[in-house]
2 protein chains.
Amino acid sequence: MKNNSSFKNKLEESGHSFTSQRAEVYSILCENAPAHLTAEEIFIKLTQRHLKIGLSTVYRTLGIFTNIGITDKVDFDDGMSRYELVENFDGKNHRHHHLICLGCGRVEDALDDLMEDLENDVLEKFSFNIIDHSVKLYGYCAECSMKNKIETGSK
Amino acid sequence: MKNNSSFKNKLEESGHSFTSQRAEVYSILCENAPAHLTAEEIFIKLTQRHLKIGLSTVYRTLGIFTNIGITDKVDFDDGMSRYELVENFDGKNHRHHHLICLGCGRVEDALDDLMEDLENDVLEKFSFNIIDHSVKLYGYCAECSMKNKIETGSK
DNA sequence: CTAACTGCAAACATTTTGCACAACT
DNA sequence: AGTTGTGCAAAATGTTTGCAGTTAG
């Protein structure tokens, strides 16, 4: 919706055609950002909108999007992959952490500050050159922490 | 093999029986530590050893092990879950990072120093209480970095 | 017009489940 | 004896693929 032309460019410069299905999947991702949608959720949102699309096309499209850096494929251990728009996919890829609440299951995003220290450390100790990272932090969000405190008598 | 009795304790104090199948799965995990084995790999190693066990028992066993903190379930985005022994599962759970080489696919383990800063930061900014984390760092190991340099003319 | 893309259905791979039998306690 | 665990086969789940028809360039 917003930078639709740079989306189209990204597709074409990587040798893929710009099709209505791909535009539709992209617009669902834009409208729901920064949500982490599964292929099926996207498929359902599209059919609810009376757009006829095959689930396999959604999968294929998300595969392409992830390959060319339009989306990130993320996994929250619930048995299915989720896809989120890469912010500013023209510029540098700035992946973020996911804060996964063990209480309510909600997922928040946090910027990946402080990772540089860790990456330098790993480079030094392991001679391992980091290109990308995936950080999942499990715990309790503010709301669920509060709830726990009340239930357990602020233990 | 090594702390077999504390393994048995852990099982029993969590209300599970100590069975030969569970001991066998545990010993495979010990012998192959710190590898990250899939359910099927464990199943194959056991049948090669002429031990008769069902694949579903392996899955059920690994599920229990993970629930009671004997193993960690980890996922390297290749479509199947892997399981690794939690070191010193009597004491504190000290999860480590995984360095996943994009060149050769090898996975190294790195201790999770420096995560405390990050966790404190997240607690401050998001009021999110971290219980556990999963950190995957993608990049190139020393060997593959070297190979890349030679191939591309030390660019 | 040709190559790339789509939709459907069937295939796949991993994991889970129902059930009869076996093993613990 | 009664609960818990096991093995098999079948089901379930998420994802991929083959193919005939459609669309893009």
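I looked for salt bridges (a side-chain nitrogen of Lys or Arg within 4 Å of a carboxyl oxygen of Asp or Glu) across the interface of chain A and chain B, and the rule finds zero. This is a predicted model, where local features need pLDDT of at least 70, side-chain atom pairs count only at pLDDT 80 or more, and totals for chains, interfaces and linings use all residues. Residues are numbered from 1 along each chain as its sequence is written, chains are lettered from A in the order in which they are written, and side-chain values use heavy atoms, with hydrogens and water left out.

I then checked the extent of the interface. 35 residues of chain A are in contact with 35 residues of chain B (heavy atoms within 4.5 Å). The two chains bury about 2,800 Å² between them, 68% of it on carbon and sulfur atoms (accessible area, 1.4 Å probe, lost on being put together, summed over both parts).

I looked up the strands (DSSP E runs of at least two residues, numbered from the N terminus). Strand 6 of chain A runs antiparallel to strand 6 (residues 129–140) of chain B, and 11 bridges join them (strands pair if DSSP finds at least two bridges). Gly139(A) has Ile130(B) as its bridge partner.

Next, chain A itself. The domain assignment, automatic or from a database, gives domain 1 (1–88) and domain 2 (95–155). Their centres, over C-alpha atoms, are 25 Å apart. I count two salt bridges between these domains. I also noted the salt bridge of Asp75(A) with Lys136(A), closest N and O atoms 3.9 Å apart.

Technical notes
Helices (H or I, at least four residues) and strands (E, at least two) are DSSP runs, numbered from the N terminus.
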